[in-house]
Each structure stands twice: as structure tokens, then as C-alpha cells.
Amino acid sequence: MNYTAGEWKVSESGTMILTEIAGRKVYIADCKIDLQLLPSEVIANAHLIAAAPALYEALKAIMATATDARAYEMINRYRYVLAKAEGK
């Protein structure tokens with residue numbers, strides 16, 4: 001899966017997700033404040049999006065090392081989440 005490399009961070013405004021490539025800011029996403037969402041929800045969404053690459057890589061690492069048969073149900077949940085993240 002290809003996604004923008006680098007550590008994704010939330011801007012000072014709390015609504016934009018960005019990273020840095022070759023010393024330049026690159027904007028990943030902008031969580032717009034909307035009348036239907038509380039500002040705190042928009043900021044929480046931005047933080048969740050910013051954490052997505054780390055969460056994805058952590059799940060991949062767990063899947064690569066998980067061999068315990070007792071963890072079968074969790075492994076299936078991880079597979080579902082990874083597939084969703086990969087757009088499958």
C-alpha cells in the first residue's frame with residue numbers, strides 16, 4: 001500500500017493533517033469545521049487521521065508475528081481493519 005511517508009501531524013489549528021518532505025510541509029487532509037460537528041469532534045477526527053499510518057504499520061507488525069491460535073478472532077478483526085485501510 002502506498003501512502004504519503006513521514007510522520008503525520010495535526011496543525012496548530014487542530015484541523016489540518018500534514019507531514020514534511022524534503023524540508024517542505026505537505027498537507028495530507030483538512031478536517032473542515034461543520035455545523036453538524038462540534039469543534040472538538042473535528043479536532044479528534046484530525047488526530048485519528050494523523051495516527052492512521054502508525055496504526056496501520058502496528059497492525060501489519062502484529063499480523064506478521066501473530067501465531068497464537070487463541071488469537072484467531074482478534075486476527076480476523078485485524079484483517080478486516082487492514083483490508084478497510086487498504087480500500088478492499
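**Working through the model**

Student: What does relative accessibility say about Tyr3?
Tutor: At 29% relative accessibility, Tyr3 counts as partly exposed, since buried means under 20% relative accessible area, exposed over 50%, and partly exposed in between (1.4 Å probe, protein chains only). This is a predicted model, where local features need pLDDT of at least 70, side-chain atom pairs count only at pLDDT 80 or more, and totals for chains, interfaces and linings use all residues. Residues are numbered from 1 along each chain as its sequence is written, and side-chain values use heavy atoms, with hydrogens and water left out.

Student: How many aromatic pairs are there in the whole structure?
Tutor: A search finds two. Tyr3 and Trp8 make an edge-to-face pair, 6.2 Å centre to centre with 90° between the planes. Rings of Phe, Tyr and Trp (its six-membered ring) pair if their centres lie within 6.5 Å; planes under 30 degrees apart count as stacked, over 60 as edge-to-face and the rest as tilted.

Student: Is Trp8 buried or exposed?
Tutor: Trp8 counts as buried, because its relative accessibility is 16%. Tyr3 also forms an edge-to-face pair with Tyr56, at 6.0 Å centre to centre and 85° between the planes.

Student: Where in the chain are Tyr3 and Tyr56?
Tutor: Tyr3 is in the segment before β1 (9-10) and Tyr56 is in helix α1 (residues 39-65), 53 residues apart, so the pair links distant parts of the chain. Tyr56 is buried, with a relative accessible area of 7%. Ring pairs link Tyr3, Trp8 and Tyr56 into a cluster.

Student: New topic. What order do the elements run in?
Tutor: From the N terminus on, they run β-β-β-α-α. Helices (H or I, at least four residues) and strands (E, at least two) are DSSP runs, numbered from the N terminus.

Student: How many bridges join β2 and β3?
Tutor: Six bridges, in the antiparallel sense, with β2 covering residues 16-21.

Student: How much of the chain is buried?
Tutor: Of its 88 residues, 19% count as buried.

Terms used:
Two strands pair if DSSP finds at least two bridges between them.
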